[in-house]
Amino acid sequence: MANNPFAEFSLERAIALRWTLRDIQAGRLKLSPVSDEDLGVLIQLGLVELYDDQPELTEAGASVLND
C-alpha cells in the first residue's frame, strides 16, 4: 500500500483499526461495538463518516481494505 493511513501507529494499533474497519464494513457492530476512541481516529483519518449516528466507510476507508 503506497499511502498507509496507519503508518503513525504501532503494529498492534494498526491491526486493531483495520479490524474495526472490517467490522463496520460487514455490519458486525452489534457483536463488536466500535470504541469511541477508534471511531474518532477513523473519522479523523477520513476513513469513516457517521450517517444517522451509524459509522459507514468512506471511499478511502473501503480502499484501505481493498489494498
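Contact here means heavy atoms within 4.5 Å. The structure is a predicted model, in which local features need pLDDT of at least 70 and side-chain atom pairs count only at pLDDT 80 or more, while totals for chains, interfaces and linings use all residues. Residues are numbered from 1 along each chain as its sequence is written, and side-chain values use heavy atoms, with hydrogens and water left out.

**View 1. Surroundings of L21 in the nonpolar core.** Residues up to four places away in sequence aside, L21 touches F6, L42, L47, V48, L57, G61, V64 and L65. L21 is also among the residues with the most contacts inside the largest nonpolar core, which has 13 residues (a set of buried Ala, Val, Leu, Ile, Met, Phe, Trp, Tyr and Cys residues joined through side-chain atoms within 4.5 Å). At least two residues of this core come from each of α1, α2 (36-44) and α3 (59-66), and α1 gives the largest share, four residues.

**View 2. The aromatic pair of F6 and F9.** The rings of F6 and F9 are tilted, 6.5 Å centre to centre with 55 degrees between the planes (centres of Phe, Tyr or Trp six-membered rings within 6.5 Å; planes under 30 degrees apart are stacked, over 60 edge-to-face, the rest tilted). F6 is buried at 3% relative accessibility, whereas F9 is partly exposed at 22% (buried is under 20% relative accessible area, exposed over 50%, partly exposed in between, with a 1.4 Å probe and protein chains only).

**View 3. T20 in helix α1.** T20 lies in helix α1, residues 11-26 (helices are DSSP runs of H or I, at least four residues, numbered from the N terminus). T20 is buried, with a relative accessible area of 9%, and, neighbours within four places in sequence aside, is in contact with V34, D38 and L42.
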